[in-house]
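Below are some notes for a colleague who is about to look through this model. They take the form of numbered points, to be read beside the structure.

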Amino acid sequence: MNRTYVEIELGEIAEHIRNGLSIKQTKEKNGLPITRIETIWNEAIDSERVGYAGIHEGEKEGWFLNKGDILISHINSKLHLGKCALYKGFPEKLIHGMNLLCLRPKHNKVIPDYLIRVLQSFQFKSKIPSITKDSVNQSSFNVTNFKKLTIPLPPLPEQKRIAAILDKADAIRRKRRQAITLADDFLRATFLDMFGDPVTNPKGWEVKPLNNFASFENGDRSSSYPSGNDIKQEGVLFVSTKNIFNSTFSLNETRFITEQKFASLSRGKLKKGDLLITLRGTLGGCCIFDSKYETGFINAQIMIIRPKKNCNNVFLHAMLTSKPIQENFQKIGQGAAVPQLTGKQINELKLPFPPLEMQKKFARLIKSTTSLQEKMKNKGEEYLFNSLTQRAFRGEL
(Lines give C-alpha, C1' and ligand atoms only; values in the text may rest on other atoms or scores of the structure.)
Protein backbone atom coordinates (compact mmCIF):
# COMPACT_ATOMS: atom_id res chain seq x y z
CA MET A 1 0.00 0.00 0.00
CA ASN A 2 1.32 3.44 -0.94
CA ARG A 3 0.54 6.33 1.38
CA THR A 4 1.49 9.97 1.09
CA TYR A 5 3.19 11.29 4.22
CA VAL A 6 3.48 15.00 4.93
CA GLU A 7 7.03 16.38 5.16
CA ILE A 8 7.46 18.51 8.26
CA GLU A 9 10.38 20.48 9.71
CA LEU A 10 11.97 19.12 12.88
CA GLY A 11 11.38 22.43 14.61
CA GLU A 12 7.63 21.90 14.22
CA ILE A 13 7.54 18.58 16.08
CA ALA A 14 9.98 19.47 18.90
CA GLU A 15 9.39 21.19 22.20
CA HIS A 16 13.00 22.25 21.94
CA ILE A 17 16.26 21.42 20.18
CA ARG A 18 19.16 22.79 22.17
CA ASN A 19 22.78 22.32 23.17
CA GLY A 20 23.69 21.01 26.60
CA LEU A 21 24.94 22.40 29.88
CA SER A 22 28.50 23.71 29.91
CA ILE A 23 29.99 22.44 33.15
CA LYS A 24 33.23 20.81 34.24
CA GLN A 25 32.96 17.04 34.25
CA THR A 26 35.14 14.08 35.13
CA LYS A 27 35.26 10.33 34.58
CA GLU A 28 35.30 9.85 38.37
CA LYS A 29 31.87 8.84 39.71
CA ASN A 30 31.44 11.98 41.77
CA GLY A 31 28.07 13.62 41.34
CA LEU A 32 25.47 12.99 38.64
CA PRO A 33 26.03 11.38 35.21
CA ILE A 34 26.31 13.82 32.31
CA THR A 35 26.38 13.14 28.57
CA ARG A 36 29.57 13.37 26.50
CA ILE A 37 30.09 12.92 22.74
CA GLU A 38 31.15 9.33 23.51
CA THR A 39 27.86 8.64 25.33
CA ILE A 40 26.21 7.80 21.99
CA TRP A 41 27.59 4.36 21.13
CA ASN A 42 26.26 1.83 18.64
CA GLU A 43 23.06 3.87 18.12
CA ALA A 44 22.27 3.82 21.85
CA ILE A 45 23.10 5.68 25.08
CA ASP A 46 25.91 3.80 26.81
CA SER A 47 25.86 4.30 30.59
CA GLU A 48 29.53 3.29 30.73
CA ARG A 49 30.50 6.21 28.50
CA VAL A 50 29.05 9.10 30.50
CA GLY A 51 30.99 11.69 32.46
CA TYR A 52 30.15 12.97 35.91
CA ALA A 53 29.36 16.52 37.01
CA GLY A 54 30.12 17.67 40.54
CA ILE A 55 26.49 18.58 41.18
CA HIS A 56 23.74 16.70 42.94
CA GLU A 57 19.99 16.14 42.69
CA GLY A 58 18.05 19.38 42.82
CA GLU A 59 20.76 21.41 41.06
CA LYS A 60 20.47 22.35 37.37
CA GLU A 61 17.00 20.78 37.32
CA GLY A 62 16.17 22.08 33.84
CA TRP A 63 19.02 20.12 32.25
CA PHE A 64 17.94 16.57 33.09
CA LEU A 65 16.87 14.44 30.14
CA ASN A 66 13.28 13.24 29.89
CA LYS A 67 12.41 9.73 28.74
CA GLY A 68 11.88 9.97 24.98
CA ASP A 69 14.46 12.73 24.42
CA ILE A 70 16.85 12.19 21.51
CA LEU A 71 20.55 13.08 21.66
CA ILE A 72 22.31 14.12 18.43
CA SER A 73 26.01 14.60 17.73
CA HIS A 74 26.42 17.98 16.01
CA ILE A 75 30.18 18.55 16.57
CA ASN A 76 32.29 15.58 15.51
CA SER A 77 34.31 14.07 12.69
CA LYS A 78 32.38 13.96 9.43
CA LEU A 79 32.01 10.19 9.79
CA HIS A 80 30.18 10.47 13.15
CA LEU A 81 28.30 13.71 12.63
CA GLY A 82 24.56 13.25 13.11
CA LYS A 83 24.76 10.01 15.10
CA CYS A 84 21.88 9.90 17.55
CA ALA A 85 20.28 7.84 20.30
CA LEU A 86 17.00 7.66 22.21
CA TYR A 87 17.03 8.22 25.99
CA LYS A 88 14.93 5.46 27.54
CA GLY A 89 15.30 6.58 31.16
CA PHE A 90 18.63 4.97 32.02
CA PRO A 91 20.90 6.01 33.61
CA GLU A 92 18.51 7.94 35.82
CA LYS A 93 18.99 11.66 36.40
CA LEU A 94 21.17 12.02 33.30
CA ILE A 95 22.28 15.59 32.65
CA HIS A 96 22.35 16.89 29.08
CA GLY A 97 25.96 18.03 28.55
CA MET A 98 27.70 20.16 25.93
CA ASN A 99 28.45 19.05 22.35
CA LEU A 100 25.31 16.95 21.97
CA LEU A 101 21.97 18.41 20.93
CA CYS A 102 18.80 17.31 22.70
CA LEU A 103 15.60 17.07 20.68
CA ARG A 104 12.56 16.83 22.95
CA PRO A 105 9.63 15.59 20.82
CA LYS A 106 6.08 16.89 21.06
CA HIS A 107 4.43 13.60 21.97
CA ASN A 108 1.08 14.67 20.52
CA LYS A 109 2.75 14.93 17.10
CA VAL A 110 5.49 12.31 16.95
CA ILE A 111 6.32 9.05 18.71
CA PRO A 112 9.98 9.00 19.91
CA ASP A 113 10.46 5.37 18.75
CA TYR A 114 9.41 6.43 15.24
CA LEU A 115 11.44 9.64 15.25
CA ILE A 116 14.70 7.95 16.25
CA ARG A 117 14.30 5.51 13.34
CA VAL A 118 13.91 8.43 10.95
CA LEU A 119 16.93 10.30 12.34
CA GLN A 120 19.10 7.17 12.14
CA SER A 121 18.04 6.38 8.58
CA PHE A 122 20.28 6.77 5.56
CA GLN A 123 17.67 9.05 3.97
CA PHE A 124 17.84 11.56 6.80
CA LYS A 125 21.62 11.34 7.29
CA SER A 126 22.07 12.17 3.61
CA LYS A 127 20.62 15.62 4.42
CA ILE A 128 23.25 16.40 7.08
CA PRO A 129 26.03 17.46 4.65
CA SER A 130 23.80 20.27 3.33
CA ILE A 131 23.92 22.02 6.73
CA THR A 132 27.47 21.03 7.72
CA LYS A 133 30.45 23.33 8.10
CA ASP A 134 33.89 21.71 7.95
CA SER A 135 37.06 22.80 9.72
CA VAL A 136 40.51 21.23 9.92
CA ASN A 137 39.76 18.92 12.86
CA GLN A 138 35.97 18.55 12.93
CA SER A 139 32.63 19.20 11.27
CA SER A 140 29.53 20.77 12.80
CA PHE A 141 26.02 22.08 12.21
CA ASN A 142 23.93 24.51 14.23
CA VAL A 143 20.48 24.23 15.80
CA THR A 144 18.88 26.79 13.47
CA ASN A 145 19.72 24.83 10.33
CA PHE A 146 18.99 21.47 11.93
CA LYS A 147 15.47 22.60 12.84
CA LYS A 148 14.74 23.27 9.17
CA LEU A 149 15.46 19.69 8.03
CA THR A 150 12.30 17.79 7.19
CA ILE A 151 11.09 14.28 7.98
CA PRO A 152 8.13 12.22 6.67
CA LEU A 153 5.34 12.30 9.26
CA PRO A 154 2.41 9.86 9.05
CA PRO A 155 -0.44 9.84 11.62
CA LEU A 156 0.43 8.61 15.14
CA PRO A 157 -1.06 5.09 14.72
CA GLU A 158 0.97 4.63 11.53
CA GLN A 159 4.13 5.87 13.28
CA LYS A 160 3.57 3.25 15.98
CA ARG A 161 3.10 0.50 13.39
CA ILE A 162 6.24 1.46 11.45
CA ALA A 163 8.32 1.69 14.64
CA ALA A 164 7.23 -1.82 15.67
CA ILE A 165 8.20 -3.29 12.27
CA LEU A 166 11.60 -1.60 12.28
CA ASP A 167 12.24 -2.66 15.89
CA LYS A 168 11.79 -6.31 14.91
CA ALA A 169 14.04 -5.92 11.87
CA ASP A 170 16.66 -4.16 13.97
CA ALA A 171 16.64 -6.99 16.53
CA ILE A 172 17.63 -9.42 13.78
CA ARG A 173 20.36 -7.07 12.59
CA ARG A 174 21.75 -6.66 16.13
CA LYS A 175 21.88 -10.43 16.69
CA ARG A 176 24.08 -10.69 13.61
CA ARG A 177 26.32 -7.94 14.96
CA GLN A 178 26.47 -9.70 18.32
CA ALA A 179 27.68 -12.89 16.63
CA ILE A 180 30.46 -10.91 14.95
CA THR A 181 31.44 -9.38 18.32
CA LEU A 182 31.50 -12.82 19.95
CA ALA A 183 33.95 -13.95 17.27
CA ASP A 184 36.23 -11.03 18.25
CA ASP A 185 35.95 -12.06 21.91
CA PHE A 186 36.86 -15.62 20.93
CA LEU A 187 40.03 -14.46 19.17
CA ARG A 188 41.12 -12.34 22.14
CA ALA A 189 40.55 -15.27 24.51
CA THR A 190 42.42 -17.62 22.16
CA PHE A 191 45.39 -15.25 22.02
CA LEU A 192 45.66 -15.24 25.82
CA ASP A 193 45.21 -19.00 25.96
CA MET A 194 47.99 -19.63 23.42
CA PHE A 195 50.47 -16.95 24.45
CA GLY A 196 49.46 -15.62 27.86
CA ASP A 197 49.43 -12.01 29.04
CA PRO A 198 52.16 -10.23 27.02
CA VAL A 199 53.07 -7.99 29.98
CA THR A 200 53.37 -10.59 32.77
CA ASN A 201 54.47 -13.36 30.33
CA PRO A 202 53.21 -16.34 32.40
CA LYS A 203 54.31 -18.85 29.73
CA GLY A 204 57.92 -17.72 29.99
CA TRP A 205 58.53 -16.82 26.33
CA GLU A 206 61.86 -15.18 25.53
CA VAL A 207 61.51 -11.41 25.90
CA LYS A 208 63.29 -9.12 23.42
CA PRO A 209 62.94 -5.53 22.18
CA LEU A 210 60.56 -5.14 19.28
CA ASN A 211 63.41 -3.95 17.05
CA ASN A 212 64.60 -7.58 16.95
CA PHE A 213 61.47 -8.47 15.02
CA ALA A 214 60.56 -5.31 13.05
CA SER A 215 61.94 -2.19 11.45
CA PHE A 216 60.40 1.25 11.88
CA GLU A 217 59.80 4.19 9.63
CA ASN A 218 58.43 7.68 10.20
CA GLY A 219 57.10 9.82 7.41
CA ASP A 220 59.12 12.40 5.53
CA ARG A 221 58.99 15.47 7.82
CA SER A 222 61.06 17.71 5.56
CA SER A 223 59.81 20.68 3.56
CA SER A 224 58.40 18.13 1.12
CA TYR A 225 55.70 17.12 3.65
CA PRO A 226 52.29 17.43 1.91
CA SER A 227 50.15 20.45 2.80
CA GLY A 228 47.66 22.87 1.27
CA ASN A 229 47.33 22.37 -2.46
CA ASP A 230 49.20 19.05 -2.24
CA ILE A 231 46.02 17.44 -0.84
CA LYS A 232 43.82 16.07 -3.63
CA GLN A 233 40.62 14.09 -4.19
CA GLU A 234 42.48 11.28 -5.95
CA GLY A 235 46.00 10.01 -6.41
CA VAL A 236 48.14 8.26 -3.76
CA LEU A 237 46.61 7.70 -0.32
CA PHE A 238 47.61 10.21 2.37
CA VAL A 239 46.96 8.13 5.48
CA SER A 240 45.90 9.73 8.78
CA THR A 241 44.79 8.49 12.19
CA LYS A 242 41.20 8.56 10.88
CA ASN A 243 42.11 5.58 8.70
CA ILE A 244 42.78 3.49 11.82
CA PHE A 245 39.38 2.50 13.20
CA ASN A 246 38.70 -0.30 15.68
CA SER A 247 42.17 -1.76 15.00
CA THR A 248 41.45 -2.09 11.28
CA PHE A 249 42.38 -0.04 8.22
CA SER A 250 39.40 2.07 7.18
CA LEU A 251 38.69 3.97 3.97
CA ASN A 252 35.61 5.79 5.30
CA GLU A 253 37.56 9.06 5.12
CA THR A 254 40.27 9.45 2.49
CA ARG A 255 42.73 12.08 1.30
CA PHE A 256 45.28 11.81 -1.49
CA ILE A 257 48.46 13.37 -2.86
CA THR A 258 49.73 13.40 -6.42
CA GLU A 259 52.11 10.80 -7.83
CA GLN A 260 54.68 13.58 -8.24
CA LYS A 261 54.46 14.62 -4.58
CA PHE A 262 54.66 10.97 -3.49
CA ALA A 263 57.80 10.46 -5.60
CA SER A 264 59.45 13.48 -3.94
CA LEU A 265 59.09 11.99 -0.44
CA SER A 266 62.04 10.04 0.94
CA ARG A 267 60.27 7.80 3.50
CA GLY A 268 56.94 7.00 5.13
CA LYS A 269 55.73 4.96 2.15
CA LEU A 270 53.55 1.98 2.95
CA LYS A 271 53.83 -1.61 1.77
CA LYS A 272 51.13 -4.27 1.96
CA GLY A 273 51.24 -6.00 5.33
CA ASP A 274 52.86 -3.09 7.19
CA LEU A 275 51.52 -2.19 10.61
CA LEU A 276 50.50 1.40 11.34
CA ILE A 277 50.59 2.79 14.88
CA THR A 278 49.43 6.19 16.14
CA LEU A 279 51.95 8.15 18.22
CA ARG A 280 49.70 11.11 19.10
CA GLY A 281 45.98 11.56 19.55
CA THR A 282 44.63 8.07 20.23
CA LEU A 283 47.84 6.53 21.54
CA GLY A 284 48.74 3.11 20.20
CA GLY A 285 45.93 2.76 17.67
CA CYS A 286 47.17 0.01 15.40
CA CYS A 287 46.12 -1.71 12.17
CA ILE A 288 47.53 -3.72 9.28
CA PHE A 289 47.75 -1.90 5.94
CA ASP A 290 45.47 -4.19 3.97
CA SER A 291 43.72 -2.20 1.27
CA LYS A 292 42.78 -2.06 -2.39
CA TYR A 293 45.54 0.56 -2.66
CA GLU A 294 49.07 -0.75 -3.11
CA THR A 295 50.75 2.01 -1.10
CA GLY A 296 50.23 5.30 0.68
CA PHE A 297 52.06 8.00 2.65
CA ILE A 298 51.65 8.38 6.43
CA ASN A 299 50.98 11.65 8.20
CA ALA A 300 53.01 13.04 11.10
CA GLN A 301 51.01 11.26 13.84
CA ILE A 302 51.72 7.75 12.56
CA MET A 303 54.70 5.39 12.37
CA ILE A 304 55.19 2.30 10.19
CA ILE A 305 56.14 -1.00 11.86
CA ARG A 306 57.46 -3.42 9.24
CA PRO A 307 57.80 -7.00 10.57
CA LYS A 308 60.96 -8.94 9.72
CA LYS A 309 60.99 -12.54 8.48
CA ASN A 310 61.08 -13.86 12.07
CA CYS A 311 57.75 -12.18 12.94
CA ASN A 312 54.22 -12.69 11.61
CA ASN A 313 52.38 -9.40 11.05
CA VAL A 314 48.97 -10.78 12.09
CA PHE A 315 50.39 -12.10 15.37
CA LEU A 316 52.21 -8.81 16.03
CA HIS A 317 49.02 -6.84 15.39
CA ALA A 318 47.16 -9.03 17.91
CA MET A 319 49.97 -8.46 20.40
CA LEU A 320 50.01 -4.67 20.02
CA THR A 321 46.22 -4.34 20.15
CA SER A 322 45.84 -6.62 23.19
CA LYS A 323 44.41 -4.95 26.30
CA PRO A 324 47.61 -5.28 28.41
CA ILE A 325 49.80 -3.67 25.73
CA GLN A 326 47.24 -0.94 25.02
CA GLU A 327 47.14 -0.11 28.74
CA ASN A 328 50.94 0.00 28.74
CA PHE A 329 50.90 2.45 25.81
CA GLN A 330 48.61 4.77 27.77
CA LYS A 331 50.96 4.56 30.75
CA ILE A 332 54.23 5.26 28.94
CA GLY A 333 52.66 7.92 26.72
CA GLN A 334 51.69 10.26 29.54
CA GLY A 335 55.11 11.74 30.33
CA ALA A 336 55.06 14.68 27.90
CA ALA A 337 52.96 17.84 28.09
CA VAL A 338 51.00 16.46 25.14
CA PRO A 339 50.48 12.70 25.57
CA GLN A 340 52.42 10.86 22.89
CA LEU A 341 54.48 7.82 22.15
CA THR A 342 57.96 8.12 20.67
CA GLY A 343 59.60 6.02 18.03
CA LYS A 344 62.28 5.12 20.59
CA GLN A 345 59.64 3.78 23.03
CA ILE A 346 58.14 1.56 20.33
CA ASN A 347 61.55 0.49 19.08
CA GLU A 348 62.70 -0.61 22.54
CA LEU A 349 59.37 -2.06 23.68
CA LYS A 350 60.15 -5.42 25.26
CA LEU A 351 57.73 -8.17 24.28
CA PRO A 352 57.56 -11.95 24.60
CA PHE A 353 57.84 -13.69 21.24
CA PRO A 354 56.81 -17.35 20.83
CA PRO A 355 58.22 -19.45 17.96
CA LEU A 356 57.33 -18.30 14.46
CA GLU A 357 55.33 -21.46 13.75
CA MET A 358 53.02 -20.70 16.69
CA GLN A 359 52.59 -17.14 15.43
CA LYS A 360 51.60 -18.49 12.01
CA LYS A 361 49.18 -20.98 13.57
CA PHE A 362 47.41 -18.11 15.32
CA ALA A 363 47.41 -16.09 12.08
CA ARG A 364 45.66 -18.99 10.28
CA LEU A 365 43.02 -19.04 13.02
CA ILE A 366 42.53 -15.28 12.61
CA LYS A 367 42.13 -15.72 8.86
CA SER A 368 39.47 -18.44 9.15
CA THR A 369 37.51 -16.58 11.84
CA THR A 370 37.70 -13.29 9.95
CA SER A 371 36.45 -15.05 6.82
CA LEU A 372 33.44 -16.28 8.79
CA GLN A 373 32.82 -12.76 10.11
CA GLU A 374 32.92 -11.35 6.59
CA LYS A 375 30.36 -13.91 5.45
CA MET A 376 28.09 -12.85 8.32
CA LYS A 377 28.55 -9.19 7.40
CA ASN A 378 27.76 -9.91 3.76
CA LYS A 379 24.49 -11.74 4.40
CA GLY A 380 22.68 -8.52 3.57
CA GLU A 381 20.98 -7.63 6.86
CA GLU A 382 22.24 -4.03 6.67
CA TYR A 383 21.04 -3.69 3.08
CA LEU A 384 17.67 -5.25 3.87
CA PHE A 385 17.21 -3.08 6.96
CA ASN A 386 18.08 0.09 5.03
CA SER A 387 15.75 -0.96 2.21
CA LEU A 388 12.97 -1.57 4.73
CA THR A 389 13.41 1.87 6.30
CA GLN A 390 13.30 3.52 2.89
CA ARG A 391 10.03 1.76 2.07
CA ALA A 392 8.62 2.64 5.51
CA PHE A 393 9.28 6.34 5.13
CA ARG A 394 7.91 6.36 1.57
CA GLY A 395 4.64 4.89 2.85
CA GLU A 396 5.13 1.54 1.11
CA LEU A 397 4.87 -0.83 4.09
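**Notes on the model**

1. Helix α4 is followed by Gly196, whose phi is positive, near 80°. Helices (H or I, at least four residues) and strands (E, at least two) are DSSP runs, numbered from the N terminus. The 40 residues of α4 should span 58 Å at 1.5 Å a residue, and its end C-alpha atoms lie 57 Å apart, which agrees; the expected span is 1.5 Å times one less than the number of residues.

2. The model is a predicted one, in which local features need pLDDT of at least 70 and side-chain atom pairs count only at pLDDT 80 or more, while totals for chains, interfaces and linings use all residues. Residues are numbered from 1 along each chain as its sequence is written, and side-chain values use heavy atoms, with hydrogens and water left out.

3. The protein has ten helices and 25 strands, and its C-alpha atoms fill a box of roughly 65 × 50 × 40 Å, taken along the principal axes. Of its 397 residues, 45% are buried, where buried means under 20% relative accessible area, exposed over 50%, and partly exposed in between (1.4 Å probe, protein chains only).

4. A search of the whole structure finds 14 aromatic pairs; rings of Phe, Tyr and Trp (its six-membered ring) pair if their centres lie within 6.5 Å, and planes under 30 degrees apart count as stacked, over 60 as edge-to-face and the rest as tilted. The rings of Phe195 and Phe362 have centres 5.6 Å apart and planes at 80°, so this pair is edge-to-face. It links distant parts of the chain, with Phe195 in helix α4 (residues 156-195) and Phe362 in helix α9 (residues 356-377), 167 residues apart.

5. For Phe238 and Phe297, the ring centres are 5.8 Å apart and the planes are at 25°, so the pair is stacked. This pair also links distant parts of the chain, since Phe238 belongs to strand β17 (residues 236-239) and Phe297 to strand β23 (residues 296-298), 59 residues apart. Both Phe238 and Phe297 are buried.

6. The charged end of Lys93 sits over the ring of Phe64, 5.0 Å from its centre, and Lys269 lies over the face of Phe262, at 4.6 Å from the ring centre. The criterion is that NZ of Lys or CZ of Arg is within 6 Å of the ring centre and within 35 degrees of the ring normal.

7. Seven of the eight residues of α1 are buried, so this helix is largely enclosed by the rest of the structure; the buried residues are Pro112, Tyr114, Leu115, Ile116, Arg117, Val118 and Leu119.

8. Lys261, in helix α5 (residues 259-264), is buried, with a relative accessible area of 15%. Lys261 and Gly235 are 26 residues apart in sequence and 9.8 Å apart in space, C-alpha to C-alpha.
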